[in-house]
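Student: Could we go through this protein together, starting with its pockets?
Tutor: Gladly; have a look at it first.

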Amino acid sequence: MIRIAIVIGSTRPRRRTAVAARWVAEIAAHHPAVTAGEAAFEVVDLAEYGLSVLDEPLPALFGDYHHPHTNRWAQTIASFDGFVFVTPEYNHSAPAALKNAIDFVFAEWNNKAAGFVSHGVHGGVRAVEHLRQIMTELQVANVRTQVALSAFTDFEIIDPAEPGIIAPGPHQEPTLNELLDEVIAWSRALKPLREAAGQTVAA
């Protein structure tokens with residue numbers, strides 16, 4: 001079975017990103033690969049891992065992690081075959097918390113696949129452009145299809161200090177399903193590389 005993490009890429013209180021991630025999880029639960037027992041999706045919330053600003057004494061490339069929070073995070077990332085990153089856009093880029101979490105580990109990301117669901121005033125597309133470059137350096141294959149949720153048209157927001165209610169346009173669910181198709185297919189295709197590298201591979 002292919003295991004895909006839906007990563008909530010923000011740790012901010014009352015984050016809209018968690019609302020978007022729940023929508024992704026709801027759609028993913030009905031994906032044909034999930035109902036056939038070929039794939040599983042699980043939400044991974046950065047806020048639950050208590051990662052400090054990167055505090056490992058050695059670069060992640062060495063894989064010699066010293067802190068309990070790093071080892072817990074490394075075990076989580078190693079257990080998945082692919083990722084759907086759900087991210088807001090902060091100042092033309094991805095949140096610092098997400099970049100920090102990515103930087104904590106290295107080999108655990110390698111030879112896997114990733115897709116992106118972004119949100120923001122401009123759909124979060126600039127955050128994803130940066131994340132694509134980062135993922136490439138980590139040997140993560142990023143799929144072409146992207147879901148970009150507009151703060152103006154894909155959410156119902158009364159109070160800007162609150163996350164609001166997600167109300168995706170009619171084209172968003174088909175686009176998300178296409179993204180999920182690609183992440184599952186690429187995660188499956190890269191499995192031999194993970195096995196050759198001795199990485200943890202889901203059964």
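**The pocket and a helix pair**

Student: What lines the largest pocket, and which residues lie nearest its centre?
Tutor: The largest pocket is lined by 21 residues, and Arg16, Glu89, Gly120, Val121 and Ala151 are those nearest its centre. On a 1 Å grid over the protein atoms alone, a pocket is an open set of points where a 1.4 Å probe fits, with protein on both sides within 12 Å along at least five of seven lines, and lining residues have an atom within 4 Å of a point. This is a predicted model, where local features need pLDDT of at least 70 and side-chain atom pairs count only at pLDDT 80 or more, while totals for chains, interfaces and linings use all residues. Residues are numbered from 1 along each chain as its sequence is written, and side-chain values use heavy atoms, without hydrogens and water.

Student: Which elements give two or more residues to that lining?
Tutor: Those are helix 1 and strand 4 (112–120), where helices (H or I, at least four residues) and strands (E, at least two) are DSSP runs numbered from the N terminus.

Student: And what is the volume of the largest pocket?
Tutor: The volume is about 300 Å³.

Student: New topic: how do helix 1 and helix 6 pack?
Tutor: Helix 1 (residues 16–28) and helix 6 (residues 172–189) pack at about 70°, and their axes are 10 Å apart. The two helices are therefore roughly perpendicular to each other, a label for angles of 65 to 115 degrees.

Student: Which residues make the contact?
Tutor: Helix 1 brings Trp23, Val24, Ile27 and Ala28, while helix 6 brings Gln172, Glu173, Leu176, Asn177 and Leu180, with contact meaning heavy atoms within 4.5 Å.

Notes:
Axes are lines fitted to C-alpha atoms, for helices over the stretch in contact, and angles run from 0 to 180 degrees between N-to-C directions. Angles under 35 degrees count as roughly parallel, over 145 as roughly antiparallel, 65 to 115 as roughly perpendicular and the rest as oblique. Grid points are joined across faces, edges and corners, and a volume is the space filled by probe spheres set on the points.
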